[in-house]
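The following note sets out points for a colleague who has the coordinates at hand.

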Amino acid sequence: MISALKKDHLRIASVNVNGLRAAYKNGMAAWLEPRGVDILCLQEVRAPDAIVRQLLGEGWHILHAEAEAKGRAGVAIASREEPLATRNGIGDDYFATAGRWVEADFRFADAAGHPVQLTVASAYVHSGEVGTPKQDDKFRFLDVMTRRLPELTKHSDHALVVGDLNVAHTPLDIRNSKANLKKAGHLPEERAYFDRFFGEEIGWQDVHRNLAGPVDGPYTWWSQRGKAFDNDTGWRIDYHLATPALAAAAISAVVDRAPSWDTRFSDHAPLVVDYQL
C-alpha cells in the first residue's frame, strides 16, 4: 500500500548499536524517540528477536536476522510502514546464518502522487583481519555485494543499502590514512570494491559524501582506546549507498555524534538521512 506519511520527506537512520541491550541501557531510547525516524536500520544487534521487539516497543514493523553465533552480528530493519516484502540474506548460502544482510521493499507516493517502490537493505560487513579467514570472508561478502547491487537496481524504482560496511573508502574517510593502509578497513583491495560500487560499472552513490562534500569525515566510528572520540580520530565506515535517483533526492545527512564520550550509547554514531521522494 502507498504510505500515508504526513511529512514531505522520508527519514532513514542507520546505526551499529554494538549490542542493542547495552545501547538501550546507555540511552538509545532518548535519542530515538524524538528523532522522527521512518525506517531504522540496525547492525550488531546481538540480541534474541523477543528482546529486540521488547526494546523497540510498539509502532514498528520489525525484520530481524539473528546470527547463528550467539552474541555476534545481527541486523534489523524497523519501519513505521509495513513492508510489501522482506528477505533475509544476501543471496549466498555461505552467509545464510551470519546475520549480516536483510532487505525490505516499501511503496511510497512520489511528489506527483504516483507509487514508487523502495528497497532498503541493512548490512553489516565483516571487520576483517589481514591474513586470516576473517579477511577471506570479508572479501567474499564484498564480492556478493558487487553482484547484489545491480540486481537491486533492477528490482525497484529506488534501492538503498545502509549500514556498517567496515571500509573507509578514501583518505577523507579516516583520520590517519597512511598509517592504516595495511590494516583491515582501509586496505587498497577493500577500497577498490567501493570504487566499483561508485564507478560506471555499478553506478551507485555515496549519499553522505555527496552531501558533506570533500571534507574530513564526518566520522561515524571511533576506537574505544585512548582519546579517539575526544580528538575526533575516527573512521567513516557507516554508509547510505543509493541508486542515482534516490541519491539525488537526499536533502540532508547528519551524524548524530554524542556531545561527549560518556554520553554515547555505541562506539558508532547514527547516520540519519532525509529523502524527498
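**Note on the predicted model**

1. Leaving aside neighbours within four places in sequence, Arg87 is in contact with Leu63, Val102, Glu103, Asp105, Thr119, Arg148 and His155. The model is a predicted one, and this should be kept in mind for every value below. Arg87 belongs to strand β5. With a relative accessible area of 24%, Arg87 counts as partly exposed, because the buried class requires a value under 20%. From Arg87 to Pro218 the C-alpha to C-alpha distance is 31 Å, and 131 residues separate the two in sequence.

2. The strand that carries Arg87 is part of an open sheet of six strands, ordered β5-β6-β7-β8-β12-β9 with mixed pairing. The edges are taken by β5 (85-88) and β9 (205-206); each has a single partner strand, so one side of each is left without a neighbour in the sheet. Helix α4 (residues 133-155) packs on this sheet and touches β5, β6, β7, β8 and β12 (238-242). The direction of helix α4 makes about 20 degrees with that of β6.

3. The pairings within this sheet can be followed strand by strand. Four bridges connect β5 and β6 in the antiparallel sense, and Asn88 stands opposite Val102 in β6. Strand β6 (residues 101-109) is in turn joined to β7 by nine bridges, again antiparallel, with Ala109 opposite Pro115 in β7. These two strands, β6 and β7, form a hairpin with five residues between them. In the turn of that hairpin, Gly113 has a positive phi of about 90 degrees.

4. Strand β7 (residues 115-124) has nine of its ten residues buried, so the rest of the structure largely encloses it. Its pairing with strand β8 (residues 158-164) is parallel and extends over seven bridges. Within this pair, Thr119 stands opposite Ala159 in β8. Thr119 is also one of the contacts of Arg87.

5. Another open sheet has six strands in the order β3-β4-β2-β1-β14-β13, also with mixed pairing. Here β3 (61-65) and β13 (250-255) stand at the edges with a single partner strand each, so one side of each lacks a neighbour in the sheet. On average, neighbouring strands of this sheet are turned by 10 degrees against each other, direction ignored.

6. Within that sheet, strand β2 (residues 39-43) and strand β4 (residues 75-79) run antiparallel and are joined by five bridges. The bridge partner of Leu40 in β4 is Ala78. Helix α3 (residues 49-56) lies across β2, β3 and β4, and runs at about 145 degrees to β3.

7. By class, the lining of the second largest pocket divides into seven nonpolar, four polar and seven charged residues.

How values were computed: Residues numbered from 1 in each chain as written. Predicted model: local features only at pLDDT ≥ 70, side-chain atom pairs only at ≥ 80, totals over all residues. Heavy atoms only, no water. Nonpolar A, V, L, I, M, F, W, Y, C, P; charged D, E, K, R; others polar. Pairing = 2+ DSSP bridges. Axes fitted to C-alpha atoms, helices over the stretch in contact; angles between N-to-C directions. Contact = heavy atoms within 4.5 Å. Buried < 20%, exposed > 50% of the residue type's maximum accessible area, 1.4 Å probe, protein only.
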